[in-house]
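Trainee: I'm new to this one. Could you show me how to read the side chains and helices in it?

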Amino acid sequence: MQERSERTRARLVGAAAELFDRYGYAEARLGDISRVAGVTKGALYFHFASKQELAAAVQESGCLLLDETVLALRRDGRPALQSLIDTTHALAVWATGEPVVRASFRLGRERADGERPVLNYHLVCVAAAGRLLARAAEEGALRRGVAEDAARTLVAGMIAGIEAAAWSGAPYPELSSCLGEAWTLVLRAVAEEGAARGLRTAPPPGPTADLHPAVDPGPTVGPGPTVGPPGQGSRAVTVSTVSASAGSLSSR
């Protein structure tokens with residue numbers, strides 16, 4: 001019974017993410033969310049008292065995905081700068097095709113019906129990047145004379161660029177290529193030469209389609225963007241496999 005309830009909740013979160021991504025907070029209706037999730041409106045209200053609560057749950061899923069990915073990347077002992085590069089590549093994957101992350105960004109930008117967003121997901125991503133930069137400084141990977149605040153500003157701009165490019169419809173391969181080139185320039189400016197020499201600026205090898213949040217999106221409302229290189233479809237994973245999925249990103 002509990003497993004069924006959790007699955008219903010996950011389907012509602014997935015459906016809400018898809019509709020928030022497509023139409024925004026104000027235009028996404030609870031009746032449509034329950035229909036896309038394949039549940040009754042009563043079941044929706046059993047799990048969520050309001051649309052605001054649903055928005056919070058979507059952004060919590062986006063934060064969980066980001067946190068688990070960063071932890072998995074750091075767990076294998078790679079340099080903090082490499083973890084940061086790979087985290088931004090994961091964001092590029094999600095921003096071009098994962099509704100939970102796309103909706104999290106959009107909810108952070110909107111002020112619907114006078115309600116403040118649950119959180120600013122862009123700032124959540126920038127904060128995660130800042131923590132990795134602080135670790136990189138501790139590892140002696142930043143060039144002497146480079147202030148952490150300056151490096152953080154550069155990376156914050158890259159994250160904003162990922163979001164803007166994805167929102168404008170840039171395909172993943174194009175965004176990934178531009179991101180790798182940007183990292184080549186940024187590392188020349190901020191990284192100690194020896195530390196930069198061993199870093200990879202391109203996306204990590206291996207599949208990217210496993211990098212999805214812990215939700216079951218249920219039926220879709222229509223065709224959406226694919227995730228990763230052409231030919232790869234998106235699929236959801238369970239909470240227990242988020243770390244494993246993030247681990248696939250860390251393959252070198």
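Predicted model: local features only at pLDDT ≥ 70, side-chain atom pairs only at ≥ 80, totals over all residues.

Trainee: Which residue lies over the face of Trp 167?

Mentor: That's Arg 109, at 4.5 Å from the ring centre.

Trainee: And how do I read two rings together?

Mentor: A pair of aromatic rings is described by the distance of the centres and the angle of the planes. Here the count comes to 2 aromatic pairs. In one of them, Phe 20 and Tyr 25 have ring centres 5.7 Å apart and planes at 25°, so this pair is stacked.

Trainee: Are Phe 20 and Tyr 25 buried or exposed?

Mentor: Both are buried. Then there's Phe 105 with Tyr 121: their centres are 5.0 Å apart and their planes are at 85°, so we call the pair edge-to-face. Phe 105 belongs to helix H6 and Tyr 121 to helix H7, so to speak distant parts of the chain, 16 residues apart. Phe 105 and Tyr 121 are both buried too.

Trainee: What about whole helices? At what angle do H1 and H4 pack?

Mentor: About 100°, with the axes 9 Å apart. Angles of 65 to 115 degrees count as roughly perpendicular, and H1 and H4 are therefore roughly perpendicular to each other. Phe 20 and Tyr 25 turn up again in this contact on the H1 side, while the H4 residues include Lys 51.

Trainee: How do the contact residues divide?

Mentor: Into 11 nonpolar, 2 polar and 2 charged.

How values were computed:
Residues numbered from 1 in each chain as written. Heavy atoms only, no water. Axes fitted to C-alpha atoms, helices over the stretch in contact; angles between N-to-C directions. Helix = DSSP H or I, 4+ residues; strand = E, 2+ residues; numbered from the N terminus. Parallel < 35°, antiparallel > 145°, perpendicular 65-115°, else oblique. Contact = heavy atoms within 4.5 Å. Nonpolar A, V, L, I, M, F, W, Y, C, P; charged D, E, K, R; others polar. Phe/Tyr/Trp six-rings, centres within 6.5 Å; stacked < 30°, edge-to-face > 60°. Buried < 20%, exposed > 50% of the residue type's maximum accessible area, 1.4 Å probe, protein only. Lys NZ or Arg CZ within 6 Å of the ring centre and 35° of its normal.
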